[in-house]
Amino acid sequence: MTVKLQVEGLTKIFGHNPRAMLEKIEQGLTKETILKEFGHTVGINQVSFMVNEGEIFVIMGLSGSGKSTLIRCLNLLNRPTAGKIKVDGEDIVKYDGKKLKAYRQHKVAMVFQHFGLFTHRKVIDNVAYGLEIRRVSPTKRREMAQKAIDIVGLNGWEEMYPNELSGGMQQRVGLARALATDPEILLMDEPFSALDPLIRREMQQELLDIQARLKKTIIFISHDINEAFKLGDRVAIMKDGVIEQLGTPEEILAQPKNNYIKTFVQDIDRSKILQAKNIMVRPNALVSLKDGLKVAIKEMEQAGISSIFVLDQERRLQGLVTIDDALKALKEHRQIKDILQHTYSTTGPETYMNELIQIATETKYPIAVINDEQKLLGIIARVTVLSNLV
């Protein structure tokens, strides 16, 4: 994977003489002590991480954790007190005014929590605003704005004003405005937190759908652990201006670093976070179409199972054979292809566990996880899914 953005030792201190506080931090003074004794606020403290190209990287934490301060450093709305922010290998902290303007207009875009729409502009004019600042011709910017509107599903609403739209639709306009400039990096500062829960879930799924098509590099801020784990390829959990733990949702769930992280994840609904690819296992027995029934029977016997999946030479799933059918067919001198069953269930690797519950209750065989080419990736035992109901 290609590293798109790399943050090294980033620190942001608010106050009349922030650089003088760097020495205090190095001496080990706490955030609370620096505020109480010197009247300075440590927003973020020596934070380091990297974001891969095409990744959704979620930064989450409670109010005051430093997450919003951090994301505003990434487009220099907040000027760091110390540290580096490298985008494509260039430290943007060193940019002069001209380079910074180009960076903000062409490489990065931001979606805000409270939409930030111009109430006197129609939807299409709001979406085209960044292109207007870039001095793109009216015809071209309308074309590009329309494309972004189509992407977020607002076709037909171009001539409406923001106050004529619901909150979810207004946030779609904000997202379309960011996408219209075709940025390489999308910064999203708690964009869904002001929405009703149902609309919020819809927007989360909408973002995932858009990301599947566009493959942007997204840094997403959230205070909701369920939202963070649903959206994030990786998640950084912040507290008091530092990153407490960074990893994939599965890694954090499996190995919380400390009691603070354990508290965060203890009440999480894992069925809405874990996907088929996270819980599937490699089958301990498989047979090929070219194998005989004796091979299939032996494989089932050694694995202690009563059914087995059958693949072709390209690992494409062809069907399932049970021990009863195999024993009967052996006596009748038949072949594997003659007794293939197709009464099992299949799913894709991205299916969430809560969607697998209904499947698991209706099937008597393991669930086969396959890709678009019908190749078997793994299997999910029914007990793996159903045990989460108790």
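Which residues in helix 7 meet which residues in helix 8? In this predicted model, the helix 7 side of the contact is made up of Met-144, Ala-145, Ala-148, Ile-149 and Ile-151, and these meet Ala-176, Leu-179 and Ala-180 in helix 8. Sorted by class, the residues of this contact comprise eight nonpolar, no polar and no charged. Helix 7 spans residues 138-151, whereas helix 8 covers 167-180. The two helices pack with their axes 8 Å apart and at an angle of about 135 degrees. Because angles of 65 to 115 degrees count as roughly perpendicular and those over 145 as roughly antiparallel, helix 7 and helix 8 are described as oblique to each other. The crossing in which helix 7 passes helix 8 is right-handed.

Helix 8 also packs against helix 9, which is formed by residues 197-214. The axes of helix 8 and helix 9 come within 11 Å and cross at roughly 20 degrees, and since angles under 35 degrees count as roughly parallel, the pair is assigned to that class. Helix 8 passes helix 9 in a crossing that is right-handed. On the helix 8 side, the contact is made by Gly-168, Gln-171, Arg-172, Leu-175 and Leu-179, which meet Ile-199, Met-203, Glu-206, Ile-210 and Leu-214 in helix 9. This contact of helix 8 with helix 9 contains six nonpolar, two polar and two charged residues. Leu-179 of helix 8 takes part in the contact with helix 9 and is also among the residues that helix 7 meets.

Thr-181 has a relative accessible area of 9% and, because the cut-off for a buried residue is under 20%, Thr-181 is classed as buried. When neighbours within four places in sequence are left aside, the residues in contact with Thr-181 are Gln-105, Ala-109, Gly-130, Leu-131 and Arg-134.

A further loop, between strand 7 and helix 9, holds Asp-196. The relative accessibility of Asp-196 is 55%, and because values over 50% count as exposed, Asp-196 is placed in the exposed class. Thr-181 is thus buried, whereas Asp-196 is exposed.

Notes: Residues are numbered from 1 along each chain as its sequence is written. This is a predicted model: local features need pLDDT of at least 70, side-chain atom pairs count only at pLDDT 80 or more; totals for chains, interfaces and linings use all residues. Side-chain values use heavy atoms; hydrogens and water are left out. Helices (H or I, at least four residues) and strands (E, at least two) are DSSP runs, numbered from the N terminus. Buried means under 20% relative accessible area, exposed over 50%, partly exposed in between (1.4 Å probe, protein chains only). Contact means heavy atoms within 4.5 Å. Axes are lines fitted to C-alpha atoms, for helices over the stretch in contact, and angles run from 0 to 180 degrees between N-to-C directions. A crossing is left-handed if the near helix is turned anticlockwise from the far one by less than a right angle, and right-handed if clockwise. Ala, Val, Leu, Ile, Met, Phe, Trp, Tyr, Cys and Pro count as nonpolar, Asp, Glu, Lys and Arg as charged, and the others, Gly among them, as polar.
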